[in-house]
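Please look through the report below, which begins with a question about a single residue and then widens its view to the whole chain.

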Amino acid sequence: MPPRPALLADNTLRLFVEGYGWLPNLRRRERAETVQTRLLGHRAVALCGPDAARFFYDEEHVRRHGAIPGPVQDTLFGRRAVHTLDGAAHRHRKAIFTSLLTPEAIVNLQRYATAAWDEAVGRWPAWQPVVLFDEASRVLTRAVCRWVGVPLAESEVDGMAADMVTLVDGFGTLGPRHWRARQARGRRERWLAELVDQVRAGRRSVDAGSAVEAIAHYRGVDGERLDSGLAAVEILNLVRPTVAVSWFVAFAAHALHRWSELRPRLRAGSADYLTAFGHEVRRFYPFAPFVAGHAVRDLSWQDVPIPAGSLVILDLYGQDHSAELWPDPYTFDPERFVGREIGAFELIPQGGGDPRTGHRCPGETTTVALLSALTGRLAELDYHVPEQDLRISLSRVPTRPRSGFVLVRG
């Protein structure tokens, strides 16, 4: 018999202690794929697996509105962002992002990023250590601000990159990192809201067809423009996730260091293998631990009742490390993605389903393109890795190599 709701233990403390391992550990303790618990005082049911992902992303089962905790909205996504919507309002506003993320646009962003990378590497002093994570964040900030249409002077790059990193770094904690992220969000939302006001008033010109122009003039399902503060939130939802690719670049360097025998294959320049390597980085290394929503009505999954309004949690990290889906899941093996079509609900580090209509990240294709391009550049680079702390803590969300991955160019 499933445990009675009153007897369910609250797992909030365990979540903050165990991080990415929380849900996999809970399922092991309960010896079940689907488990009941409490989180932040709310009854919750946690699911895992492709069928569970398909169930979770069906809007007749689960809605996201009201399920994203306030601290995550105040740091990662922003209040009233597209991620908090459901139904027609979600699809209508998400169309801004899908219309901007065309194959041609992604190629342009990739080109801006590789150009910024080449310029940055040219400035790295020989035989002096650089922190790859920090360098990647500045490279991606230059590239995405140019692509989105945000005017950014060279003197502003360091501050903008630091704020975007802080937004991502603060979403998984309620401590000092969280408060720094809130301050960074407030600062950048005010700055971009002023830019939107200037564009609308004709006092500032931006590139025709740019994201800034599109979002400034976007009208919702009600026919009304977004207020300038909300427009700023959605501009940040293009800039911030692009800079977040810095995490994956650091992870790619970590993988190249641990499995150096893969470098010649990457240097050969096969686009298919670079993409497969990027997919394996996103599968193997941790980023988002899970996603959550609220049950639309009384439901059940695998004979476990899910009362209307309760939390439904999908274990992203657990699914991406499931032995049933990925043989030897803790072995880093890009070959598992070579010549393979990936199902919409299989590899889900950035959510599952159709990004055009559901809650899967519309920028996932951008992430893969940027990661492939920068991994190729990294594989070609002549450098060595000095002694440093390369441990990756699974209790820290989001995590990354503790040193940020220090390298010394030869």
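Is Leu40 buried or exposed? In this predicted model, Leu40 has a relative accessible area of 54%, and because exposed means over 50%, Leu40 counts as exposed. Leu40 lies in the loop between strand E1 and strand E2, the latter covering residues 42-47, and its phi is near 55°, which is a positive value in a residue other than glycine.

A second residue with a positive phi is Asp303, where the angle is near 65° although the residue is not a glycine. Asp303 is placed in the loop between strand E6 (299-301) and strand E7 (304-306), and with 75% relative accessibility it counts as exposed.

Another loop, the one between strand E9 (383-384) and strand E10 (406-409), holds Pro398, and the peptide bond that leads from Val397 to Pro398 is cis, with omega near -10°.

Strand E1, which covers residues 35-39, contains Gln36, and this residue is buried, its relative accessible area being 10%. The side chains of Gln36 and Arg43 are joined by a polar contact of 2.5 Å. Glu30, by contrast, is found in helix H2, made up of residues 22-30, and its relative accessibility of 47% makes it partly exposed.

| Pair | Distance along the chain | C-alpha separation |
|---|---|---|
| Glu30 and Gln198 | 168 residues | 56 Å |
| Gln36 and Thr98 | 62 residues | 35 Å |

Turning to the chain as a whole, its secondary structure comes to 16 helices and 10 strands. The radius of gyration is 21 Å, close to the 22 Å that the globule rule gives for 410 residues, so the chain is as compact as a globular protein of that length. Along the principal axes, the C-alpha trace spans about 65 × 55 × 40 Å.

How much of the chain is buried? Buried residues account for 57% of the 410 residues, while the accessible surface of the protein chain comes to about 17,700 Å², with 51% of that area belonging to carbon and sulfur atoms. When contacts between residues at least 6 apart in sequence are considered, 71% of them join residues at least 24 apart. Finally, the chain carries 51 positive and 48 negative charges, and the mean positions of these two groups are 4 Å apart.

Methods
Residues are numbered from 1 along each chain as its sequence is written. This is a predicted model: local features need pLDDT of at least 70, side-chain atom pairs count only at pLDDT 80 or more; totals for chains, interfaces and linings use all residues. Side-chain values use heavy atoms; hydrogens and water are left out. Helices (H or I, at least four residues) and strands (E, at least two) are DSSP runs, numbered from the N terminus. The radius of gyration is taken over C-alpha atoms; the globule rule is 2.2 Å times the number of residues to the power 0.38. Buried means under 20% relative accessible area, exposed over 50%, partly exposed in between (1.4 Å probe, protein chains only). Contact means heavy atoms within 4.5 Å. Accessible areas come from the Shrake-Rupley method with a 1.4 Å probe; for residues, only the protein chains shown count as cover. Lys and Arg count as positive and Asp and Glu as negative; His and the chain ends are not counted. The place of a charge is taken as NZ of Lys, CZ of Arg, CG of Asp or CD of Glu. A polar contact is a pair of N or O atoms within 3.5 Å; within protein, one must be able to donate a hydrogen and the other to accept it, and residues adjacent in sequence count only if both atoms are side-chain atoms.
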